[in-house]
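Please examine the following model before reading the dialogue.

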Amino acid sequence: MKQALVVRGGWDGHAPVAATDMFLPHLEATGHTVRVVDTPEVYAEDAMADVDLVVQCYTMGEASGAAVAGLRKAVAAGTGLVGWHGGIADSFRNSSDYLQLIGGQFATHPSKHPDECHGDQSDNYLPYTVDMLPAAADHPVTAGIGSFELTTEQYWVLTDDLNDVLATTTHPAPPWHPWHRTITCPAVWTRQWGEGRICVVTPGHSLDVLEHPSVRTMIERSMVWASR
C-alpha cells in the first residue's frame with residue numbers, strides 16, 4: 001500500500017473537509033492508505049519520507065519555515081503533490097519558497113458588472129472556458145478530455161516557465177476592471193520538482209465544480225500520476 005497524506009484546512013469558503021472527503025474513496029481504491037490532518041506543520045515531520053502522495057486543500061493560512069522546507073524536501077525526494085483551486089494555488093502567501101515549489105499563485109478573478117454584484121462569492125461566478133492544449137491529448141491526467149465550460153470563479157494565476165501547461169483560460173477585459181486586454185493564463189499544469197511530480201487544477205471553488213466530470217477526472221487522475 002502507498003501512503004497518502006491529506007492536508008486540509010484554512011479558509012472555510014472552499015469547504016476543505018467536504019471537498020477532500022469526496023476523494024478519499026478514490027485514494028483508497030487506488031491502493032493508498034490515507035492519513036488526514038488539519039495542519040501543514042505535518043510537513044516538518046520525519047515521517048514525510050514515507051509519504052508517497054500529498055493531497056493539499058489548505059487555502060491561505062500560514063505554514064512555518066520548517067513545514068515548507070519539509071514539503072520541498074519530500075517532493076524533491078519523490079513525494080507527489082496535488083491539489084485544486086485555492087487549496088494549493090492560494091496557500092501560505094507569506095512563503096516565497098512554497099510559491100516557487102507550486103509554480104503558480106492566485107492573483108485575482110474577474111467579477112460581474114458592479115450593478116450585478118451582491119457582496120458575496122457569487123459576484124465572481126462567471127461563465128468561462130477551460131481550453132485544453134495539444135499537450136493534454138496524451139497526458140495521463142488529461143487524455144481524452146476536451147475543452148469545457150464552467151460557471152464559477154476563474155483563476156488568474158501568476159506562473160513561471162517550469163510548468164508544463166495542459167490547459168489555459170482567457171480572462172475578459174470588461175471596462176469595470178483596470179486591465180485593458182484579455183489575459184490567458186494556465187488553468188491546469190504539472191511540474192517536476194526533483195524526483196517528485198506536482199499537479200495543480202485551478203477549477204474547484206465549490207463542491208458542484210469538483211463534481212464536474214472533467215474536473216473530477218483530472219483531479220483523480222492526478223493523484224495516480226503524481227503518487228510515487
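**Reading the annotated domain and one histidine**

The unreviewed UniProt entry places the feature "domain: ThuA-like" at residues 4–226; such positions follow the numbering used here, names are shortened, and annotations may be inferred rather than shown by experiment. This is a predicted model, in which local features need pLDDT of at least 70 and side-chain atom pairs count only at pLDDT 80 or more, while totals for chains, interfaces and linings use all residues. Residues are numbered from 1 along each chain as its sequence is written, and side-chain values use heavy atoms, with hydrogens and water left out.

Q: What are the helix and strand contents of residues 4–226?
A: Helices (H or I, at least four residues) and strands (E, at least two) are DSSP runs numbered from the N terminus. Residues 4–226 are 24% helix and 32% strand, and the end C-alpha atoms lie 11 Å apart.

Q: Where is His205 found?
A: His205 sits in the loop between β11 (196–201) and α6 (207–210).

Q: Is His205 buried or exposed?
A: Buried means under 20% relative accessible area, exposed over 50%, and partly exposed in between (1.4 Å probe, protein chains only). His205 has a relative accessible area of 1% and is therefore buried.

Q: Which residues does His205 touch?
A: Contact means heavy atoms within 4.5 Å. Not counting residues up to four places away in sequence, His205 touches Trp11, Gly13, His14, His85, Gln121, Tyr125, Thr152 and Glu153.
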